[in-house]
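These are my notebook entries on one protein chain.

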Amino acid sequence: MSHQHTSTVTAPTEVRHPLDALTAQEIADGRDILVAAGLVGETTRFPSVLPVEPSKEAVAAFRDGDAIDRRLLFVLLDTATGASAEAIVSVTTRELVDHRPLGTAEAPYGQPQYLFEEYARAEEIAKASPEWQAAMVRRGLGDRIELAFCAPLAPGFHNRAEETGRRVIRSLTFLRSTPTDSPWSHPVEGLIVHIDLTTGAVLRVEDDGDVPVPDLDGNYDAATIGAARTSLKPIEITQPEGPSFRVDGQHVEWENWKLRVGFNAREGLVLNQVTFRDGDEDRSVLYRGSVPEMVVPYGDTTSTRFWISYFDAGEYLLGKNANTLTLGCDCLGVIHYFDGVVADDHGNPVTIPQVVCMHEEDYGILWKHTDLDGKTEVRRSRRLVISYFSTIGNYDYGFFWYLYLDGTIQVEAKATGIVFAGAGVPGSTDPHAPEIAPGLFAPVHQHLFCARLDVAIDGDRNSLSEIDAVGIPMGPDNPHGNAFTWTNTPLASESEAQRLADPSRARVWEVRSADRRNAVGAPTAYHLLPQPSATLLAQPESTVWGRATFATKHLWATPFDPAERFPAGDYPNAHAGGGGLPAWTAADRSLEETDLVIWHVFGPTHIPRPEDWPIMPVDYSGFHFKPYGFLDRNPALDLPDGATGRASCCAGGECSCGH
Ligand code: CU
């Protein structure tokens, strides 16, 4: 009957287009090629396996049915020696295309991503340490060792002799009272184990202070909370005629939009070849969009936490840690899911079922006017939502892309999960960590995301500028004092394009076509609309500044280079800094009428609050990318009135429109 909570799935099992996501067969075949080449031994592991995307020329020249050379990048780690390498294989020609060692032992260092098995290994090493055991006993926690949770945490970079160039992880201890107890409300404050994952050695155990473990119940599951409220009446979303989108493999069409949905282990969701139809022409907007990096730097001075600065994509892999989404809970309505394929620690394929969710959402009013004689025209807004969620340790991140009927693209990051906290003396004051529950102090930190938009406004040749609204001094140009205007400043080189947002000037950034003009003779364009957010608050002298330099600006731009994908560099883990955007943009390349990539940094600065405990309601952040003279008029004039797409609204009293 109704299409309430129904779903269909794209399982990536065949390759019909060069930008299609990796299949399980391709990952298995790629691994076989490495085995045949003698590169896979007993202690070889695979921190990351990613597609090597074809050149834009190859994609442009592709016609349905053409042969496709499919390539994969395998990162190999010998866990016995710590030696790392990158290997590129072609699963089409079945050959090893390239193999080169990674110089992880030489400056500026950098380690491949963590393996899942290293989390368990770090915990085993920590718990086997006599110093750690002694610290637990000294704190009166000797009977809690079995249930203790030793969290595996990326170390940052602090140029300590025993760590530099090594594969290091730090562990902080939390207590559980039962095996299923949420540990995060029970930090064992001041107990830090520094571990060399290659040798298995405990480099050092720090054991400072004797703050009691908070006696709190941090559980939030239904069994702990008890009976759920019964006051909410049902809201049912029904789509009796099904969704308005059409899916063919990874290709999607919805209203004027066309795109290809991609997914990989590092960036998670990727949108490819996004176009908007204008008349009978599909006009390009984005060649590729993703959120390839984020950093979570902590603002605490304690030995327990000053070093925390997680790069959740570059150190942990957002896609490998992505969730399977559940119909009726994560996703309401008529859903199309995309399965995702990643590699496990051994380089074998793992399918994450229903990793990307796509559906339509009513979004209130798109446009409306009531004229003087009382006649009203109103049309409802609707959006296509394409999203996924990734869980990295204590935090959960949703990445939502919204396509609107008026040509707008919105990106929204949703941060939720468990706030990372330490213990303190109840009622005391800590300038870096508010007390969010008695004895539980959550350090200030930031979640700074970086979107990478390979823009293509009416083709590849684009230019960038900054638009500010500006007041004018009282005088001949502003005789009444009311006047203001706008400035449009070209950002013609990489150094000029390193910009901060300025809400006091309504600042936006314009990407315009070099090749096409609109009905009023101006270049066709889109605007990036930032939301107010802080940039990196750490000091320029800090190591995190060097490692997360991308987060010191809201905007960067580069001319397209296929090697420039990750804004903190390929291997930010334990990296000395300077990789990614600061390195690439040092050349100060021209950005005029070129194939532009823009990088936008956004995200919440989190001064935690009691309401964030024991689980945090979603914090939203993001931006809009909106047509500005891309189209000659409102592209949604032809929408039907009425919410369902059928004719007529319900005018007063009982609805008589027969639905
Ligand atoms: Cu936070």
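Which residues of E8 lie on one side and which on the other, and are they buried or exposed? I found Val 168, Arg 170, Leu 172 and Phe 174 on one side and Ile 169, Ser 171 and Thr 173 on the other, all of them buried. Buried means under 20% relative accessible area and exposed over 50%, with partly exposed in between (1.4 Å probe, protein chains only).

I note that the model is predicted: local features need pLDDT of at least 70, side-chain atom pairs count only at pLDDT 80 or more, and totals for chains, interfaces and linings use all residues. Residues are numbered from 1 along each chain as its sequence is written, and side-chain values use heavy atoms, with hydrogens and water left out.

I then looked up the extent of E8, which covers residues 168-174; seven of its seven residues are buried, so the strand is largely enclosed by the rest of the structure.

Next I looked up the partners of E8; two strands pair if DSSP finds at least two bridges between them. Strand E7 (residues 149-153) pairs with E8 in the antiparallel sense over five bridges, and Ala 151 stands opposite Leu 172. Strand E9 (residues 187-196) is also antiparallel to E8, over six bridges, with Asp 196 opposite Val 168.

For the whole chain, I recorded seven helices and 35 strands. Helices (H or I, at least four residues) and strands (E, at least two) are DSSP runs, numbered from the N terminus. Of the 659 residues, 53% count as buried.
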